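Have the model open as you read.

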Amino acid sequence: EQALEQALRHGFADASVLSSIGEALFKCGKWALAERAARRATAGDGGGRGYTLLGDALSEQGALDEALDAYKKALDCEDDGAASAKLKETIRTLLSAKLGRHEEAAQYA
């Protein structure tokens, strides 16, 4: 938590480091702080990693539509086949199981 607070206070903007801090916070169940780190990371060039973290943090907090948007942005940033496949699976699950949007989910097959 202290690392994030110091980074934010001093205007630190390295997306990779912010994503790493956010991922550590997420693993500790500190979803709101992980979201803050991810938002800062994606304000710069956060790429797929930052948007994936943002989606995860938002999903854990129940902001499912916002999480879906973040996952879609992450997918747009990815060129790695395995990462893209995992994101598509996450999007399908979110759309189908949690939001009941089965037809839209099928677009990510």
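## A covered helix

Helices here are DSSP runs of H or I with at least four residues, numbered from the N terminus. Among the buried ones are Gly-47, Gly-48, Tyr-51, Leu-54 and Ser-59. The cover over them includes α2, α3, α5 and α6.

This is a predicted model, so to speak of local features takes pLDDT of at least 70 and side-chain atom pairs count only at pLDDT 80 or more, while totals for chains, interfaces and linings use all residues. Residues are numbered from 1 along each chain as its sequence is written, and side-chain values use heavy atoms, with hydrogens and water left out.

## Two residues up close

Ser-59 sits in α4 and is buried, at 16% relative accessible area. Skipping neighbours within four places in sequence, Ser-59 contacts Leu-64, Ala-67, Tyr-71 and Lys-98 (contact being heavy atoms within 4.5 Å).

## The core

Leu-54 also turns up among the residues touching the most other members of the largest nonpolar core, which has 30 residues (buried Ala, Val, Leu, Ile, Met, Phe, Trp, Tyr and Cys joined through side-chain atoms within 4.5 Å). Helices α1 to α6 each supply at least two of its residues, and α5 gives the largest share, seven.

Notes: Buried < 20%, exposed > 50% of the residue type's maximum accessible area, 1.4 Å probe, protein only.
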